[in-house]
Amino acid sequence: MNVHLNPVNEFRMTRPDDGIARGAPLLVADNISLSFGGVKAITDISFDIRKGEIRAIIGPNGAGKTSMLNVINGFYHPQEGTITFRGERRSRMRPHVAAHQGIARTFQNIALFKGMSVLDNIMTGRITLQHRNLFWQALWNGPAEREELEHREAVEHIIDFLEIEHIRKTPVGRLPYGLQKRVELGRALAAEPALLLLDEPMAGMNLEEKEDMSRFVLDVNQQFGTTIALIEHDMGVVMDLSDRVVVLDYGRKIGDGTPDDVRNNQDVIDAYLGVSHDA
Amino acid sequence: MLYREAGDFKTTYASDQQTFPIKSERALFWLFMAAAFLIVPFLINDYWNKAVLMPLLIYCMAALGLNILVGYCGQVSLGTGGFMAVGAYAAYKLMTAFPWMDQFSVTILAGFVTAGVGILFGLPSLRIKGFYLAVATLAAQFFLVWMFNKFAWFYNYSASGQITAPERTIFGYAVTGPSSLPWATYLFGLTLLFVFGWIARNLTRGRLGRSWMAIRDMDIAAEIIGVSPLKAKLSAFAVSSFYIGMAGAMFFANYLGAAEVGEAFGIDKSFLVLFMVIIGGLGSILGSFLGAAFLVLLPVLLKNLMVDQLGWVTDLAAHVQIMLVGGLIVFFLIVEPHGLAQLWRLTKEKLRLWPFPY
């Protein structure tokens, strides 16, 4: 049953279809290893993210979850292993190239552009979709303005969707934490990503804010068909939202499967509850 | 009553994001522009042109350029004087090599030459930021001044080592050279500033401007959202140098008439323009104009007051003036660190609600 309080049916993702069927692997991480000097952050991890699913990455502190996300969007370069995104094996790449391929993300600590308004922040998300060059932008009237207004309209749909109409002209620095998180989600959504990475979208939120955010995550997944990978510490949220969960501990993968599989996995229970090693 | 948005309904996104969203503000702007274009040229004399209006226009242009780089893109630059010198020498070479070329083209082409040099000296910004970048641009400042002194080709092997602007006319009226007409020079500068001020506004309101500001506010997040740091930083250097180069060309050709590089385009120019940008307001077009106006007009005003009105000795007045201007800069930075533009913004917010406090 799909009851949406907030139908934005006229809004469609405009990225061309990549021909990957729902449920087929969108991103495959293959034997990824990452180390910083002598510190091994990730050791030989393989998993896939299927199109249309919500994939959770969980694990205790320092397990390598954020490092994994950083590898996926090109911010870290793994020493070993490959990432295949939309069927293309990827070599070393810069994060802005990953953004152009359709990977967007939010951050654990909010990374909004403090000096800009909510509207401008979300408009920044559409930079990969805007193409008018310096000359047309200098003229403004004509193609550049038309393009700007087209994207403004799309951004307004996102603003509607996230219910932040009242603050669209407010500088983000003045907003409370929960709203900043929501604006950050809006900025990532504005890029119309094929894969949306959420790094602890509910960290530091109260129950009501968590419920709102969960609803947005589900709506994004169902209405726009966006594939989502999320890191989250709130187990209730993770188990309710996600289709499949991958569990990391000390840079290794210790579990992978549906929430129920993972819940009953002895390694996962040990990792979370701790286990004495002399047993 | 003057500044109200009540009843001023926006029904399209275009009208919502226009430059002056409020009717009375729009009217005020065009009134001001009409006065500047249609009335001032009839009142202007040589003193007003040389002492007040021309420096104001030129520094507005330079501050606009530097604000794009420092205020919008967050890349600190101390090379403004050097880039102004590039504009000036490019204008000189163009004027002497192509005597038939009109002065608008000369100034704009000088801007393009400076943009090229700006990109070159902007390359370090891809690896370093903050104070280290400031030092790298400082190197540009000293290198460029040295270069224009060292190689005689730049000043056409003249014995004095100076460059002198030949007379050029626009529609038959001289705008450079010793017999240039004050009103024609003024209109020439004003036209350029108006057109390129408008262009600066257009560049900063769209995709390019947002990618600059994204780099300024958080470069890692900007890159992850799809901004290429290379393109954003180098385009900021290019556009900024373009404006500064035009300011340098005007400073030499329309204002000084003859220039020696170390004297006219030294490090003090770099600091002066940087102060204008900081006092006016980083990341604001209006701020560039206000900052330039503050630092150009205040000394003139103080000198008039002290020497002509109070009858003080000139050198005493000069010292008091330096102290006063310095003190005022400190005062302004303490009271409003975001500059004069922020003061104006706060005033507008208050005016919107006036006479009610909330």
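In the predicted model, strand β4 (residues 80-85) of chain A pairs with β5(A) in the antiparallel sense, over three bridges. Within this pairing, T84(A) stands opposite R89(A) of β5(A). The two strands belong to an open sheet of four strands in chain A, ordered β2-β1-β4-β5 and paired in the antiparallel manner. In general, strands of a sheet pair through backbone hydrogen bonds, in either a parallel or an antiparallel arrangement.

In chain B, a helix pair was examined. The axes of helix α2 (residues 23-43) and helix α7 (residues 182-205) of chain B come within 10 Å and cross at roughly 165 degrees. Because angles over 145 degrees count as roughly antiparallel, this crossing makes α2(B) roughly antiparallel to α7(B). The crossing of α2(B) and α7(B) is right-handed. On the α2(B) side, the contact is made by A36(B), F37(B), V40(B) and P41(B), and on the α7(B) side by W183(B), Y186(B), L187(B) and L190(B). By class, the residues in the contact of α2(B) with α7(B) comprise eight nonpolar, no polar and no charged residues.

Helix α7 of chain B also takes part in the contact between the chains, being one of the elements that give two or more residues to the side of chain B that touches chain A. This contact takes 34 residues from chain A and 25 residues from chain B. Besides α7, the contributing elements of chain B that give two or more residues are α1 (13-16), α8 (207-217) and α9 (219-225). The most is given by α8(B), with eight residues. The side of chain B that touches chain A divides by class into 13 nonpolar, seven polar and five charged residues.

Confidence values accompany these descriptions. For the complex, the predictor gives an ipTM of 0.88 and a pTM of 0.91. Chain B has a mean pLDDT of 92, and 99% of its residues reach 70 or more.

Technical notes. Residues numbered from 1 in each chain as written. Chains lettered and ligands numbered in written order. Predicted model: local features only at pLDDT ≥ 70, side-chain atom pairs only at ≥ 80, totals over all residues. Axes fitted to C-alpha atoms, helices over the stretch in contact; angles between N-to-C directions. Parallel < 35°, antiparallel > 145°, perpendicular 65-115°, else oblique. Left-handed = near helix turned anticlockwise from the far one by under 90°. Contact = placed C-beta atoms within 7 Å. Nonpolar A, V, L, I, M, F, W, Y, C, P; charged D, E, K, R; others polar. Pairing = 2+ DSSP bridges. pLDDT = per-residue confidence, 0-100.
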